[in-house]
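The tour below moves from one selection to the next and says what is to be found at each.

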Amino acid sequence: AYRNSIFISLQIAVIVTVITTVLGLIVAYYLAKNEFRGKRIVISIINFPTSLPGILIAWGIIVLVGRQGVFSLLGSAITGARSGAFAFALGYWGLLLGYTYFTLPRVTMTLLSSLEKINLELEETAYSLGASRFQTFRHVVLPEIMPGIASGVVLAFSINMVAFGTALLLAAGKVSVLPLQIYSVVLGFGNYNLASAMAIVLTVITLGVIMSYGYVFGGSVYE
């Protein structure tokens, strides 16, 4: 059971990291390369989840796609499906959605910061030499922001490995992630030795990823 918790935690962390890195890069690139009216408002909306605790985000997911959630009821009303047919808040998919919503703005802002530091003359030179937009992104922009992408990846992975509040509500006894296993071992069985061992495993995995970033790129992932 405990090994399974480690596997599920790693699986969810990797999936959410991939999703948020790809989406975050697309959003950050658009924001960095375009000036438009209301841009600050858009950035504020993207940043909004960072001000919310994980448990509140989980509650919001339940309100939207729980058994009596807004979108669940709407979907049933439109299609005539049974009540709860569109509900997925409690369980694996709800946890993925909650983690993604919680993580995406953090990754997006990390990537936006990296993109805004790029020397525009490098891109203009590439364009003047006949490079397409895709070629310029691949050969000029991407190498420049690789440390930022790696930072976003490490940040997303570490957040999702140790997230507790969101999982507390959304896992609903259906998904066994490592932080919840530690919680249940302490509260349910009072087995502090086992809980300590699992906490060490969680810490080693997370710190290992963070230290790998420092080894490859130098500096701290949080800089």
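What follows begins with the whole chain and then goes through it by selections.

**Before selecting anything**

This is a predicted model, in which local features need pLDDT of at least 70 and side-chain atom pairs count only at pLDDT 80 or more, while totals for chains, interfaces and linings use all residues. Residues are numbered from 1 along each chain as its sequence is written, and side-chain values use heavy atoms, with hydrogens and water left out.

**The whole chain**

The C-alpha trace spans about 65 × 50 × 25 Å along its principal axes. Of the 223 residues, 40% count as buried; here buried means under 20% relative accessible area, exposed means over 50%, and partly exposed lies in between, with a 1.4 Å probe and protein chains only. Among the contacts with a separation of 6 or more, 70% are accounted for by residues 24 or more positions apart, a contact being heavy atoms within 4.5 Å.

**Select S5, then S176**

S5 has its place in helix α1 and is buried, with a relative accessible area of 0%. Showing the side chains of S5 and S176 brings up a polar contact of 2.6 Å that joins them; such a contact is a pair of N or O atoms within 3.5 Å, and within protein one must be able to donate a hydrogen and the other to accept it, while residues adjacent in sequence count only if both atoms are side-chain atoms. Leaving aside neighbours within four places in sequence, S5 is in contact with S176, V177, L178 and Q181.

**Select K39 and E35**

K39 is found in helix α2, which covers residues 39-47, and K39 is buried, with a relative accessible area of 11%. The side chains of K39 and E35 are joined by a polar contact of 3.1 Å. Beyond the neighbours within four places in sequence, K39 is in contact with L31 and N34.

**Select the aromatic side chains**

How many aromatic pairs does a search of the whole structure find? The search finds four, where rings of Phe, Tyr and Trp (its six-membered ring) pair if their centres lie within 6.5 Å, and planes under 30 degrees apart count as stacked, over 60 as edge-to-face and the rest as tilted. One of them is Y29 with F137, whose ring centres are 5.2 Å apart and whose planes are at 85 degrees, so the pair is edge-to-face. Y29 lies in helix α1 (residues 2-33) and F137 in helix α7, so this pair ties together parts that are 108 residues apart in sequence. At 15% relative accessibility, Y29 counts as buried.

Another pair is Y92 with W93, also edge-to-face, at 5.5 Å centre to centre and with 90 degrees between the planes. Y92 counts as partly exposed at 24% relative accessibility, whereas W93 counts as exposed at 59%.

**Select helix α5, residues 92-116**

At 1.5 Å a residue, the 25 residues of helix α5 should span 36 Å, and the end C-alpha atoms are 36 Å apart, which agrees; the expected span is 1.5 Å times one less than the number of residues. Of these residues, 18 of the 25 are buried, so α5 is largely enclosed by the rest of the structure. Within α5, a kink of about 35 degrees lies at T103, shortly before the proline P105, the bend at a residue being the angle between axes fitted to the seven residues ending there and the seven starting there.

**Select Q135**

Q135 is found in helix α7, residues 133-162, and is partly exposed, with a relative accessible area of 39%. A polar atom of the Q135 side chain lies 2.9 Å from the backbone nitrogen of S132. Leaving aside neighbours within four places in sequence, Q135 is in contact with G130 and V140.

**Last stop: V204**

V204 lies in helix α10, residues 192-217, and is exposed, with a relative accessible area of 55%.

Notes: Helix = DSSP H or I, 4+ residues; strand = E, 2+ residues; numbered from the N terminus.
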